[in-house]
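My notes follow in the order in which I looked things up.

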Amino acid sequence: MKKISVIALVGVGLLLASCNKNKSAEAAATGTEQAVAESKGEVLAVDTVASVVNWKAFHKGGMAPRWGTLTVKSGDLSIENGNVAAGNFVIDMNSLKVDPASVTEKDKKPADLEAHLKNPDFFDTAKNPTSDFKITSVTDLKEAPKDAVAGANKTVSGNLTLSGKTMNVTFPAKVDVAEGTAAIQAKFTVNRADWGIKFGTSEADPAEWMISKDIEIAVDVKAKK
């Protein structure tokens with residue numbers, strides 16, 4: 001069994017969203033990998049400077065909240081008849097940042113926690129330097145859940161690859177299309193266990209039961225000519 005240091009337990013907390021009372025995003029529907037939507041129509045390149053993926057996390061029970069960002073490395077969105085029909089984006093896992101404002105303990109440093117998340121106990125970014133999302137469908141959203149991103153008007157499904165494993169996730173999103181531009185904004189919660197991400201050796205390991213299995217993700221992807 002792994003020895004559980006203070007820094008390890010804090011690092012684990014960065015991965016995970018709080019229990020239900022603390023979450024601000026609905027759980028995404030998760031299933032097996034699906035066929036990727038065909039790219040057609042006008043293809044817009046993702047603006048990697050303007051795009052970002054935010055994460056928010058807690059220790060179990062909502063203790064010691066943390067949050068931070070990941071950068072978008074590349075991608076594109078396909079526009080047909082004024083709607084997003086397909087698309088993808090690649091996340092640079094080595095860009096993972098912990099917001100210093102979320103680290104309030106005097107003996108903790110954001111850089112140490114960032115390094116811990118990148119090691120083999122978690123995302124193993126040396127082996128898995130990127131994650132990606134590939135759209136499988138975009139449909140009209142009749143009624144947005146209360147915790148959906150403001151202005152949600154579509155239901156987006158796509159294959160999300162984390163740590164080398166791919167699962168299909170479905171969530172409400174705000175999708176905007178204008179002349180020569182497009183944007184997708186969404187926030188949702190996923191269960192790390194669906195991607196086989198764990199730190200403890202078993203469910204009884206303190207490294208596993210002291211943390212939630214949820215991680216909250218907020219996506220803001222913009223594309224242009």
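Which residues of helix α2 (residues 110-118) are buried? I found Pro-110, Leu-113, Glu-114, His-116 and Leu-117. Buried means under 20% relative accessible area, exposed over 50%, and partly exposed in between, with a 1.4 Å probe and protein chains only. Looking down the axis of α2, I see its buried residues within an arc of 160 degrees, so they line one face of the helix. The arc is taken from the directions from the helix axis to the C-beta atoms.

**Ground rules.** The model is predicted, so I note that local features need pLDDT of at least 70 and side-chain atom pairs pLDDT 80 or more, while totals for chains, interfaces and linings use all residues. Residues are numbered from 1 along each chain as its sequence is written, and side-chain values use heavy atoms, without hydrogens and water.

**Overall.** I looked up the secondary structure and got 3 helices and 10 strands. The order from the N terminus is α-β-β-β-β-β-α-β-β-β-β-α-β. Helices (H or I, at least four residues) and strands (E, at least two) are DSSP runs, numbered from the N terminus. The chain has 225 residues, and 48% of them count as buried. Contact means heavy atoms within 4.5 Å. Of the contacts between residues at least 6 apart in sequence, 69% join residues at least 24 apart.

**Aromatic rings.** I found 3 aromatic pairs. Rings of Phe, Tyr and Trp (its six-membered ring) pair if their centres lie within 6.5 Å; planes under 30 degrees apart are stacked, over 60 edge-to-face, and the rest tilted. Phe-89 and Phe-133 have ring centres 5.6 Å apart and planes at 35 degrees, so this pair is tilted. Phe-89 sits in strand β5 (residues 83-98) and Phe-133 in strand β6 (residues 130-140), so the pair ties together parts 44 residues apart in sequence. Phe-89 and Phe-133 are both buried. Phe-133 also pairs with Phe-171, with centres 5.8 Å apart and planes at 45 degrees, so that pair is tilted too. Phe-171 lies in strand β8 (residues 165-178), 38 residues from Phe-133. One aromatic cluster takes in Phe-89, Phe-133, Phe-171 and Phe-188.

**Core.** The largest nonpolar core has 43 residues. Such a core is a set of buried Ala, Val, Leu, Ile, Met, Phe, Trp, Tyr and Cys residues joined through side-chain atoms within 4.5 Å. Strand β5 gives the largest share, 6 residues. Val-190 is among the members that touch the most others. Beyond four places in sequence, the contacts of Val-190 include Ala-28, Val-169 and Trp-195.

**Salt bridges.** I counted 8. The rule is a side-chain nitrogen of Lys or Arg within 4 Å of a carboxyl oxygen of Asp or Glu. Lys-225 and Glu-42 meet at 3.5 Å, N to O. Lys-225 lies in the segment after β10 (214-224) and Glu-42 in strand β2, so the pair ties together parts 183 residues apart in sequence. Lys-225 is exposed at 67% relative accessible area, and Glu-42 is partly exposed at 33%.

Which residue does Arg-66 meet in a salt bridge? The partner is Glu-105, at 2.9 Å, N to O. Arg-66 is in strand β4 (residues 66-80) and Glu-105 in the loop between β5 and α2. Arg-66 is buried at 0% relative accessibility, whereas Glu-105 is partly exposed at 26%.
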